[in-house]
Amino acid sequence: MPSYAELSELLDPPTTVLLTVECQEGVVGEDSALPELAEAARSGGVLANVARLVAAAHAGGVQVVHAIAERRPDGRGASRNARLFRAAERLPVRQLTGTHAVRVAAPIEVAEEDLVVRRLHGLSPLQGTDVDPLLRNLGCRTLIVTGVSANVAVPNAVFDAVNRGYTAVVPADAIEGVPAEYTPAMIRHTLALVATVATTDEVLACLTRPRDELRRA
């Protein structure tokens, strides 16, 4: 784990963005299309940790971006070149544009200044979406990646961020995948090689540090 000084240097509010990945009602909510993942995210405290990080970002002047995966009711433009996409079409809850399923899930609060980016295709919150140009326009240097799933979308987000020159910070207890034992193994053997791995509390300590300390930094 990084030291407080090392993490604080990375998490300078004007150049830091907090990304929530697929933290939407149809994925991690009570009526999820993926109940095993939703249960893991909620019962394990991951969703609550994401909400804590978002609240701290709002209070500390850190930009928040919510990445939402959805599809049109007619399926136009959706990817179909992987088993995951074809299976999603058969799920009882579908992530359809304009429905409750694609709203950011409670207890995460969406502020007026937040950016919500919706994608109709692919696996990554960054590739082929507005997220990367928005980050550049915001002056982002460090991207905090949170949400689901540790199986697919989260590692995609981390790899794409690193490939585009951003420094990725991953609060290990603010991402979730299934089965339960997979996430810590993936963090240790994969994400830790390319991202700075911390805990929610460690990131919160940096986001909520006194403003006079920020000025000295």
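Where does Glu-22 sit in the chain? Glu-22 is in the loop between β1 and α2 (25-28), and Glu-22 is also among the residues nearest the centre of the largest pocket. Keep in mind that this is a predicted model: local features need pLDDT of at least 70, side-chain atom pairs count only at pLDDT 80 or more, and totals for chains, interfaces and linings use all residues. Residues are numbered from 1 along each chain as its sequence is written, and side-chain values use heavy atoms, with hydrogens and water left out.

Helices and strands here are DSSP runs (H or I, at least four residues, for helices; E, at least two, for strands), numbered from the N terminus.

**The largest pocket**

- The largest pocket comes out at about 730 Å³. A pocket here is an open set of points on a 1 Å grid over the protein atoms alone, where a 1.4 Å probe fits, with protein on both sides within 12 Å along at least five of seven lines. Points are joined across faces, edges and corners, and the volume is the space filled by probe spheres set on them.
- Its lining has 31 residues, and Glu-22, Leu-34, Ala-69, Leu-84 and Ala-88 lie nearest the centre. A lining residue has an atom within 4 Å of a point.
- By class, the lining splits into 18 nonpolar, 7 polar and 6 charged residues. Nonpolar covers Ala, Val, Leu, Ile, Met, Phe, Trp, Tyr, Cys and Pro; charged covers Asp, Glu, Lys and Arg; the others, Gly among them, count as polar.
- Helices α3 (35-43) and α5 (83-88) each put at least two residues into the lining, and α5 gives the most, with 4 residues.
- Pro-35 is found in α3, and it is exposed at 56% relative accessible area. The cut-offs are under 20% for buried, over 50% for exposed and in between for partly exposed, with a 1.4 Å probe and protein chains only.

- As background, most residues other than glycine have a negative phi, and most peptide bonds are trans.
- Glu-22 has a positive phi of about 50° although it is not a glycine. Glu-22 counts as buried because its relative accessibility is 12%.
- Ala-106 and Pro-107 are joined by a cis peptide bond, with omega about 10°. Pro-107 is in the loop between α5 and β3 (115-119).
- Val-148 and Ser-149 are also joined by a cis peptide bond, with omega about -10°. Ser-149 belongs to the loop between β4 (142-148) and α7.

- Helix α4 (residues 46-60) has 15 residues and reaches 21 Å from first C-alpha to last, close to the 21 Å expected at 1.5 Å a residue. The expected span is 1.5 Å times one less than the number of residues.
- Buried residues of α4 include Val-46, Leu-47, Val-50, Leu-53 and Val-54.
- Helix α8 (residues 182-194) has 13 residues that should span 18 Å, and its end C-alpha atoms are 18 Å apart, which agrees.
- Even so, α8 has a kink of about 40° centred on Arg-188. The bend at a residue is the angle between axes fitted to the seven residues ending there and the seven starting there.
- Thr-183, Met-186, Ile-187 and Leu-191 are the buried residues of α8. Their cover includes α7 (153-163), β5 (167-171), β6 (175-176) and β7 (196-198).

**Loop residues and their contacts**

- Thr-15 lies in the loop between α1 (4-10) and β1 (16-21), and it is buried, at 18% relative accessible area. Not counting residues up to four places away in sequence, Thr-15 touches Gly-139, Cys-140, Arg-141 and Thr-142. Contact means heavy atoms within 4.5 Å.
- Val-110 is in the loop between α5 and β3 and counts as partly exposed at 44% relative accessibility. Leaving aside neighbours within four places in sequence, Val-110 is in contact with His-66, Val-104 and Val-116.
- The C-alpha atoms of Val-110 and Val-54 are separated by 8.3 Å, though they are 56 residues apart along the chain.
- Val-152 lies in the loop between β4 and α7 and is partly exposed, at 25% relative accessibility. Not counting residues up to four places away in sequence, Val-152 touches Leu-84 and Leu-123.
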